[in-house]
Amino acid sequence: MKLENIQLSGKKVLLRVDFNVPLDSNFNVTDDSRIGAALPTINYILNQGACLILMSHLGRPEKKLKADGSIDREKFTMKHTVSTLSRLLKKELRFVDDTIGTKVKNAVSDLRAGEILVLENTRFYKEESKGDEAFARELASYGDIYINDAFGAAHREHASTATVARFFDDNSRAFGFLMRAELESAAKLLHNPQKPYVAIIGGAKVSDKILLLDKLVDIVDVLIIGGAMAYTLLKAQGAKIGNSLVENDKLDVASEFLAKAKAKAVKVLLPQDSIIADKFDNSANVKIVSSFEIPDGWMGLDIGPKAAAEFKTEIENSKSILWNGPMGVFEMSNFAAGTMQIADAVAIATQKGAFSLVGGGDSVSALNQSGKSDLVSHVSTGGGATLEYLQGNTLPGVEAIGL
Ligand code: AMP
């Protein structure tokens with residue numbers, strides 16, 4: 001059922017959000033975009049006359065236990081997010097320092113229409129990541145309706161993202177607006193994308209992205225590969241890559257992938273030239289050379305101007321674009337140009353009518369750095385979930401509600 005078709009007035013709505021935000025050492029939220037992204041759903045539900053029970057995870061408390069083996073409640077409490085949400089909504093919120101149990105039950109029964117109760121970090125219970133039924137049933141008992149707007153956690157089969165949905169029928173569960181926008185955007189690239197479809201993949205490691213590359217060769221027309229991972233693929237083709245970052249144990253995988261792409265007639269573009277540096281530092285000496293002839297002692301830290309021009313032409317002539325991963329060490333100003341030119345080309349192609357989706361933490365921050373975020377079709381909040389979905393995998397959080 002669509003959220004707009006559910007009668008919400010007077011109801012208690014259990015809403016799973018993704019408030020897994022970065023915090024500084026004083027536990028201040030340093031980037032509130034994930035909280036901001038949930039506001040349309042939150043405001044809509046409140047305006048319909050319902051009350052809200054918000055649940056989310058924050059960090060990985062179960063992996064970062066204190067020396068005595070207990071959960072570090074002070075570090076990972078959802079309380080750190082409450083003042084940010086309160087500021088963005090211009091509204092007082094309630095918070096309960098548990099996720100299930102008597103305290104939560106009492107707080108829920110005290111809730112009135114238009115009020116919000118934030119539950120404690122779902123991952124304070126090991127049952128969360130096990131997708132435990134009893135834990136999910138308890139969560140489900142707090143709401144008449146379940147809404148999932150946590151796209152960033154949809155690839156996890158957890159109690160609050162997937163199991164809990166089973167305790168609601170089709171008429172009382174739905175995706176939130178953020179989740180739906182993410183799914184609709186991804187669908188444009190998954191089902192009959194407009195051709196030519198160009199995927200731009202960058203970043204540090206082939207090993208992190210090989211599954212994605214392997215799936216993409218089945219659907220794209222052109223695959224542009226930059227970033228450090230390009231050097232593993234270049235070396236697999238016999239290039240001398242100097243001291244560039246490389247995964248020597250992935251050379252076979254890289255060769256197999258290149259052979260598969262060739263057999264499928266997918267055009268794979270690797271950077272023909274590179275900006276190389278004599279150390280991993282913004283103040284390093286730099287040169288522009290062929291990516292096949294990088295001298296020892298030097299490393300490729302960005303794509304070169306010929307590569308950037310070739311990539312740009314390809315992108316600007318495309319109709320569908322997926323971009324994940326930077327072309328170089330964009331965090332250092334001297335090695336950011338390649339990535340910025342890609343951002344430029346994606347914006348130009350979008351202006352010419354292409355559909356463009358940018359996903360993954362680093363590409364989103366690179367896009368923000370370029371000032372072009374508003375000029376692409378969709379900036380995904382999903383990270384891992386986006387990439388899994390675009391590989392054609394079903395996401396447990398999506399399946400549990402049903403498209
Ligand atoms: P990923 O998390 O896999 O998307 O990788 C992103 C990281 O890869 C960023 O921090 C970049 O600085 C880094 N990166 C990109 N290109 C290179 C390169 N040529 N050499 C070293 N690191 C790189």
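1. Secondary structure. The chain of this predicted model has 16 helices and 17 strands. Helices (H or I, at least four residues) and strands (E, at least two) are DSSP runs, numbered from the N terminus.

2. Ground rules. Residues are numbered from 1 along each chain as its sequence is written, and side-chain values use heavy atoms, with hydrogens and water left out. Because the model is predicted, local features need pLDDT of at least 70 and side-chain atom pairs count only at pLDDT 80 or more, while totals for chains, interfaces and linings use all residues.

3. Overall size. The C-alpha atoms fill a box of roughly 70 × 50 × 35 Å along the principal axes.

4. Burial. Of the 403 residues, 55% count as buried. Buried means under 20% relative accessible area, exposed over 50%, and partly exposed in between (1.4 Å probe, protein chains only).

5. The open sheet. Six strands form an open sheet in the order β10-β8-β7-β15-β16-β17, with parallel pairing. Two strands pair if DSSP finds at least two bridges between them. The edge strands, β10 (267-269) and β17 (378-379), each pair on one side only. Inside the order, four bridges join β15 (residues 320-324) to β16 (residues 355-358). There, S320 stands opposite F355.

6. A buried strand. Five of the five residues of β11 (residues 273-277) are buried, so the rest of the structure largely encloses this strand. Both faces are covered: D273, I275 and A277 lie on one side, S274 and I276 on the other. β11 pairs antiparallel with β12 (residues 286-290) over five bridges, and A277 has V286 as its bridge partner. β11 also pairs antiparallel with β14 (residues 299-303), over four bridges. Here I276 is partnered by G300.

7. Two crossing helices. The axes of α10 (residues 229-236) and α11 (residues 251-263) come within 8 Å and cross at roughly 80 degrees. That makes α10 roughly perpendicular to α11. Axes are lines fitted to C-alpha atoms, for helices over the stretch in contact, and angles run from 0 to 180 degrees between N-to-C directions. Angles under 35 degrees count as roughly parallel, over 145 as roughly antiparallel, 65 to 115 as roughly perpendicular and the rest as oblique. The contact (heavy atoms within 4.5 Å) involves T232, L233, K235 and A236 of α10 and L251, A254, S255, F257 and L258 of α11.
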